[in-house]
Amino acid sequence: MNTALNERPRIMIVDDAPQNLQLLETMLENQGCQVFAMPSGEMALKALARDQPHLILLDVLMPGLNGYEVCARLKADPQFKEIPVLFLSALSDSGDKVRAFQAGGVDYIAKPFQLAEVEARVRCQLELLQQRRQLQASHRRLQELERLRDGLFHMVVHDMRSPLTTFSMALDLLGQILPKRDSELAECLETAQRSARRLSWMVRELLDISRLENNQMPLDKKPGDLVTAAWEVRDAYAGIKEQRQLRVEATGPGGAVFDPSLIQRVLTNLVDNAFKFIEEDGWVKILIREEAGHFRVSVMDNGPGIPPEFHGKIFEKFGQVENRHRRLGAGLGLAFCKLAVEAHGGRIGVESEVGHGSTFWFTIPVAEPEPQPGPAPGATNP
């Protein structure tokens, strides 16, 4: 049989009718297949432990285990569930065919069958099997390449920290010894210092993203107040947001269990991302409200908005989105936010419409109340 398989096809036939077994076995062997003929479902299941076929032709009506039961057992076993099962049956009712597919069959041939039809359907299933194997092999190769890429990427970024720290310290030292009266030189130095801080931030975000992706970042989760965390972020922006407004609104206390450092960084990234795109007289608002079983934290702005086709991409690593006027999305910051929120068991998303601002939101589970100590044994209430 001329198939895409790189080896001789192995096919198991399970049928209690000897004439069917003989007919199919002869036809398939003439096509170059290795055939295993089994007169019952029980014998077929035992034989699978010795030699696994590429494809099974399975009769439905058999004494003992019928074809549906045999197929269901195969699909329940991780070792055999990927073997395609092609049903052969004299049952022609549509309900019987549906039951065959529900049991896990990939095709159904009605008896009496034509050998040319059986040959064509067998060839089709073997080719599909080979294509599936090729896809799986390609997927494994891609996973290995991604693992190697991420390892190299992490190593390079990690090795950047030391020279970058030295560079930043050198710039700070220059700022202390250079003449203050040289305004042009001072401006150049300040630009270099800002760039160095930006690079340091990027290195930190990249390393933390890698740690979060590999579940290697320990969370220092403790009872806290999300509203307090939001006010601390607001206070950090005092004096640097010019005429733009940053407000915090809450419907009540925000008692939850979270890592304060990570969640404050999430809020800072979302607020910073909003400030990049609003006008000089624009506004940003942090809104916190309690919903069923969680707190919903929203960072809202009156900026240009984001087209809906980019809402999913914007949280991807390096997933920057551009429109005709400016670049939308933080590239790293929003990817970090997504991983940090998901590490807390929450979700993150964006709601936005071009020309009507954006709302980036995330959820954090509500803290469960600590159990109150009961009365000591034998004690009575006053």
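Reader: How many of the eleven residues of H9 are buried?

Author: Eight of the eleven residues of H9 are buried, and the helix is mostly covered. Buried means under 20% relative accessible area, with exposed over 50% and partly exposed in between, using a 1.4 Å probe and protein chains only. Helices (H or I, at least four residues) and strands (E, at least two) are DSSP runs, numbered from the N terminus. This is a predicted model, in which local features need pLDDT of at least 70 and side-chain atom pairs count only at pLDDT 80 or more, while totals for chains, interfaces and linings use all residues. Residues are numbered from 1 along each chain as its sequence is written, and side-chain values use heavy atoms, with hydrogens and water left out.

Reader: Which residues of H9 are buried?

Author: They are Gly-333, Leu-334, Ala-335, Phe-336, Cys-337, Leu-339, Ala-340 and Val-341.

Reader: And what covers them?

Author: The cover includes helix H6 (183-213), H8, S13 and S14. Contact here means heavy atoms within 4.5 Å.

Reader: At what angle do H8 and H9 pack?

Author: Helix H8 (residues 260-277) and helix H9 (residues 333-343) pack at about 145 degrees, and their axes are 9 Å apart. Axes are lines fitted to C-alpha atoms, for helices over the stretch in contact, and angles run from 0 to 180 degrees between N-to-C directions. This crossing is left-handed, a word used if the near helix is turned anticlockwise from the far one by less than a right angle; clockwise would be right-handed.

Reader: Which residues make the contact?

Author: H8 contributes Leu-262, Arg-265, Val-266, Asn-269, Leu-270 and Asn-273, and H9 contributes Gly-333, Leu-334, Phe-336, Cys-337, Ala-340 and Val-341. By class, eight of these residues are nonpolar, three polar and one charged. Ala, Val, Leu, Ile, Met, Phe, Trp, Tyr, Cys and Pro count as nonpolar, Asp, Glu, Lys and Arg as charged, and the others, Gly among them, as polar.

Reader: How far apart are the axes of H6 and H9?

Author: Their axes are 10 Å apart, with an angle of about 35 degrees. The crossing of H6 and H9 is left-handed. Among the residues in contact are Trp-201 and Ile-209 of H6, and Phe-336 and Leu-339 of H9. The contact divides into eight nonpolar, one polar and three charged residues.

Reader: New topic: what is the order of the five strands in the open sheet?

Author: The order is S7-S9-S10-S14-S13, with mixed pairing. Two strands pair if DSSP finds at least two bridges between them. Strand S7 (245-250) and strand S13 (348-352) are the edge strands, each pairing on one side only. Strand S10 (residues 294-301) and strand S14 (residues 358-365) run antiparallel and are joined by eight bridges. Within that pair, Val-297 stands opposite Phe-362.

Reader: Which strands does H8 lie across?

Author: H8 lies across S7, S9, S10 and S14, running at about 175 degrees to S14.
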